[in-house]
Amino acid sequence: MKKLGNVDKFFFNSLFKLTYSLVVASLFSLFLVNCKINNTIEKSILADAPTAQLPGGGASGPNTSSPSTLPKSYLPKLFKNFSDVGANSNPSDFAELGGFIYYAADDGIHGIEVWKSDGTEAGTNMVIDLNPLGDAYPSEFTLMNGEVYFVASSELYCYSVFKTDGTADGTVLVKSTAVLNCSGASGLVAIGNTLFFNAFDDDITGWELWKSDGTEVGTTLVKDINPGPEWAWIMYPKAFGSELIFSAQNPTLGSEMWKSDGTEVGTTVVKDIYPGAGWSFAGEFTEMGGYIYFSADDSIHGQTELFRTDGTEIGTELVKDINPTGYGYINGLTAAGTNLFFSAFNNSTGFELWVSDGTDPGTVLVKDINPGAAYGLEGYDQMAAVGNIVFFKANDGVNGIELWKSDGTEVGTVLVKDINPTGDSNPKNFTKVGTDVYFVANNGINGDELWKSDGTTAGTVMVKDILPGSQGGVSPSSFYFSAANGSTLFFKANDGIHGAELWKTDGTEAGTVMVKDANLNDVSGVCENPFVFSGMLLFSAKEDLSNCELWKTDGTEAGTVLLKEINPTGNSGFQKLAEIGSQLLFAADDGTNGKELWKTDGTSAGTVLVKDINPSGGSNINAYAKAFVVNGSTLFFTASDGTNGLELWKSDGTTSGTTLVKDINPGASGSNAYGFAVMGSNIYFNASNPTYGQEIWKSDGTDAGTTVLKDINPGVAGGANYYGEPVLVMGSHFYFDGITASEGHELWKSDGTEAGTVLLKDINPGAGSSYPQGFKKFGSNFYFIADDGVNGYELWKSDGTGVGTVMVKDINPTGNGYGSGFTEFNGLLYFGADNGVDGYELWRTDGTAAGTMMVKNIHPLYDSYPSNFTVIDSVLYFNADDGVHGIELWQSDGTNEGTYMVMDINENVGGSSTPSPLLLFKNILFFSADDGIHGKELWSW
């Protein structure tokens, strides 16, 4: 089933407000319609199933649905699973609640849902599939009155507050605060029997402070702090005794510190720290000794200086102006015993470790770890307190970024261990468990792995090398310690076999184990799609933990082997260019020379670098279809030698024969030659230089023979559309999108001479632009999409004359019919188009209005988006989405009843296999697809 609209959480922290929520609501309504009629659609497909045409010819009998009921020997099958490394369940948002760890995870079938674990494999299970149509994205798990509250999305509600008792039946919506069911809830904090949170109330109160006792009737708005539909921008909620401390803004006070006891009258600003409508940016609230400490700007002492409050206006005061001549940039406030530690900036010492006992004289620099203005801390450092000691990372300018500790005195602030003697260990994600602190660090040998420390050098050790080798099993970019259950730490890690999964540790190597492989799906093995070359199939793939490299197959699994490991240390980035004789030219990066020109004859020994065009780095060869062309035995392409920018080059496959044709745009800027086509002995393309701007050029392969064809739009404005289609060659002329000030983007033609380069037709009269695109030759005409200024983007054709350039049909009388993927099949032209009623579906034309019709409405409720059209053995194959099975492989004989899905390769709910491309090799159809289990792999039929 199609996933039509889980809203990204970023929406609620952005400037998109009511408009976006309206869109979301309409999408959820569509979800409901989809759910209700799915069975009807499925039954219809079953009833209308026709006879399947097998590759190579022959009928198979009824193809009856998802999956097809053809004998298994006739169905597409996985050809080879190159990468059997486990997929990621990506556990996140851990919270220890009632003897269980609650978290979000993806098992590869149900999407990102609510899970819980007692630390055993048997006791680790999904609680509920809250959103069967997609991802629930559960987060902010919070315990209150023996139940777990969290924010999630279901098929009916997005980012609303739910609660669970740990069972599916006991997982329910608390309340949707918005009429349109998109609450945008966040910032859950439980104080006693009251859950505080931020939520969105459509266009009535905007995003404000709410509370709940766990019942629908007891879930109410606390106060409209910023009256009307404007948002209060509530941030940094923190429990302080029986009250909630938070930051909020309104037009009178700006952004200030507020407090709430859960009543409207008891929700007040603590103090207007920055008088008037200015913003104090109060934040980083941390409790110590009966006070909340925070950073703020009072308009006098600069941004982010140290303040504290007892919850009253008179008791809210500046503790210390740490940087009297600038900003203090306070971060990482951490209470340890009777001391408050934090990172702060001073013009003399840079970012360093500070400590405070709550008084001005007791707020001091602990130690200038990296002497002078150089930074000892980085300004956003996380810290962890163990008793009276705080652990953190710092750089003393000698040992790099390593593990440090401090008791609040200069002498007691020391390097714990130089974990990586050859560089930075960059410890992070500190979490206290018992008397130890756990963290992620890199010792320069094992990569980012799990470490622990008791504060001594000898007691600072790697817990386990989860992923052997230098890669590291704990990702620094996505790893967060989130929960400690007694003496057990739960976390996310990847051992290179099972993917990123839930792990636990008791601090010993033997006790550091994966809890459960929740997502058994494999990662993708095919990196670049296959193509036929010299009697074999070539493609880029990775096997297990290897990088993407060049492979070949003779059509058998045994004959599927690595052709060459071009880049031993990374991905080669293989991109096919073209065949010249018995060699294939391609772009690749060997890890030493950058992206350069390579060739292969299909053997490992014959796979070699042609030329290092840019000795100082990669040549940035553009390997997209519009950026190169073969004329005879010469490949023309764009590349940069590091001096001339991206310019026109040519190659015959030899080092000496690979040369710059012409520096069209002198200097380092480059002409960015693009949109190549061949007509006669010349190639034609778009290029730019300071004299003509972007225009059409031609070249015979020599410097002197490379000239601008015509300055269509005189001066530097340019007359050729760089982002448009390559020129279309038909007969003795080629056709393209040309630009002039008086006609705009219109259809031009050329015979290769300046005089013969003329406007063919001003389809959108005057300065308006028709933007002709998608050129495809069919019979004695070529077809394209254009906008005449009246009918929108519709299907046109031309015989090369102005009078013979006409609209074929106004497919969508109320808007744009568009059209793409033009493919000739059985004497007709097939394409995708939208008639404004049935959505974007499969169409065909014979060149007349009467003969232009929809073949089949594949997705009755939406767009099927047919694409990747391929004709093999008198059958039209393509990708489409029927709204039930996702993007799968379809075939057609050109009739409604003869158009059907071949097989539902990815049977997961909402899953798509997205097969591409389709190649017939030794009477076998090969393509890459993702079955939802093995990732993107090579398939055959």
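Predicted model: local features only at pLDDT ≥ 70, side-chain atom pairs only at ≥ 80, totals over all residues.
Residues are numbered from 1 along each chain as its sequence is written, and side-chain values use heavy atoms, with hydrogens and water left out.

**View 1. Overview of the protein.** The protein has 1 helix and 74 strands, where helices (H or I, at least four residues) and strands (E, at least two) are DSSP runs numbered from the N terminus. Buried residues make up 56% of the 941 residues; buried means under 20% relative accessible area, exposed over 50%, and partly exposed in between (1.4 Å probe, protein chains only).

**View 2. The open sheet β68-β69-β70-β71.** In this order 4 strands form an open sheet with antiparallel pairing, two strands being paired if DSSP finds at least two bridges between them. The edge strands, each pairing on one side only, are β68 (867-872) and β71 (899-903). From one strand to the next the twist averages 35°. The bridge partner of W890 is M901, in β71.

**View 3. The aromatic cluster around F100 and Y102.** F100, Y102, F141, F150 and F162 are linked into a cluster by ring pairs, with rings of Phe, Tyr and Trp (its six-membered ring) counted as a pair if their centres lie within 6.5 Å, and with planes under 30 degrees apart taken as stacked, over 60 as edge-to-face and the rest as tilted. The structure holds 36 aromatic pairs. The pair of F100 and Y102 is edge-to-face because the ring centres are 6.5 Å apart and the planes lie at 65°. F100 is partly exposed, at a relative accessible area of 24%, whereas Y102 is buried, at 4%.

**View 4. The tilted pair F345 and F351.** The ring centres of F345 and F351 are 5.2 Å apart and their planes stand at 55°, so this pair is tilted. F345 counts as buried at 15% relative accessibility, and F351 is buried with a relative accessible area of 10%.

**View 5. Charges over rings.** The charged end of K116 sits over the ring of F100, 4.4 Å from the ring centre, the criterion being NZ of Lys or CZ of Arg within 6 Å of the ring centre and within 35 degrees of the ring normal. R308 lies over the face of Y291, at 3.8 Å from the ring centre.

Terms used:
Axes fitted to C-alpha atoms, helices over the stretch in contact; angles between N-to-C directions.
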